[in-house]
Amino acid sequence: MKLSFTILERLKNDLSFRLGTAKALGVGEGQIKYLAKKSSDKLTKAAAIIYFKREGLTEKEIFEDPPEFEIFENQHESK
C-alpha cells in the first residue's frame with residue numbers, strides 16, 4: 001500500500017503533523033521529511049497509520065488505493 005499524495009504533502013509541509021508522526025515511529029522529524037520525499041513504505045508502519053487515524057484521517061485519505069477492509073479498526077477507541 002502506498003500513502004496518498006495528500007498525506008505525503010502534509011508530512012512535507014506540516015511541522016506539527018511531521019513531529020507527531022516522528023514521535024509515533026520513534027525517529028527524528030527530519031527523517032520523516034526525508035521519508036516523505038522518497039515516498040517510503042516505512043511511513044506505512046502500523047504506528048504511523050494509528051497516528052494518522054488518531055488525527056482524524058480515514059483509510060481513504062491515508063492510502064492511494066485503500067484496502068477493502070479496515071486496518072486497526074477502532075482499536076484504541078474507548079466506548
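The model is predicted, so local features need pLDDT of at least 70, side-chain atom pairs count only at pLDDT 80 or more, and totals for chains, interfaces and linings use all residues. Residues are numbered from 1 along each chain as its sequence is written, and side-chain values use heavy atoms, with hydrogens and water left out.

The protein has 5 helices and 0 strands. Helices (H or I, at least four residues) and strands (E, at least two) are DSSP runs, numbered from the N terminus. From that end, the elements run α-α-α-α-α. The protein has 79 residues, of which 32% count as buried. Buried means under 20% relative accessible area, exposed means over 50%, and partly exposed lies in between (1.4 Å probe, protein chains only). Contacts require heavy atoms within 4.5 Å. Among contacts between residues at least 6 apart in sequence, 48% join residues at least 24 apart.

Helix α2 (residues 15–25) packs with helix α4 (residues 46–54) at an angle of about 140°. Their axes are 8 Å apart. That angle makes α2 oblique to α4. Axes are lines fitted to C-alpha atoms, for helices over the stretch in contact, and angles run from 0 to 180 degrees between N-to-C directions. Angles under 35 degrees count as roughly parallel, over 145 as roughly antiparallel, 65 to 115 as roughly perpendicular, and the rest as oblique. The crossing of α2 and α4 is right-handed. A crossing is right-handed if the near helix is turned clockwise from the far one by less than a right angle, and left-handed if anticlockwise. On the α2 side, S16, F17, G20, T21, A24 and L25 take part; they meet A47, A48, Y51 and F52 in α4. By class, this contact has 7 nonpolar, 3 polar and no charged residues. Ala, Val, Leu, Ile, Met, Phe, Trp, Tyr, Cys and Pro count as nonpolar, Asp, Glu, Lys and Arg as charged, and the others, Gly among them, as polar.

A search of the whole structure finds 3 aromatic pairs. One of them, F17 with F52, is stacked, at 5.3 Å centre to centre and 25° between the planes. The pair links distant parts of the chain, with F17 in helix α2 and F52 in helix α4, 35 residues apart. Rings of Phe, Tyr and Trp (its six-membered ring) pair if their centres lie within 6.5 Å; planes under 30 degrees apart count as stacked, over 60 as edge-to-face and the rest as tilted. Both F17 and F52 are buried. Ring pairs join F17, Y51 and F52 into a cluster.

Helix α1 (residues 5–13) and helix α3 (residues 29–38) pack at about 145°, with axes 9 Å apart. Their crossing is left-handed. L8, L11 and K12 in α1 meet I32, K33, A36 and K37 in α3. This contact has 4 nonpolar, no polar and 3 charged residues.

R18 lies in helix α2. R18 counts as buried because its relative accessibility is 6%. Beyond its neighbours within four places in sequence, R18 contacts L11, K12, N13, E29, I32 and K33.

E64 lies in the segment after α5 (59–62). At 45% relative accessibility, E64 counts as partly exposed. Residues up to four places away aside, E64 touches K2, L3 and S4. The C-alpha atoms of E64 and F5 are separated by 7.3 Å, although these residues are 59 apart along the chain.
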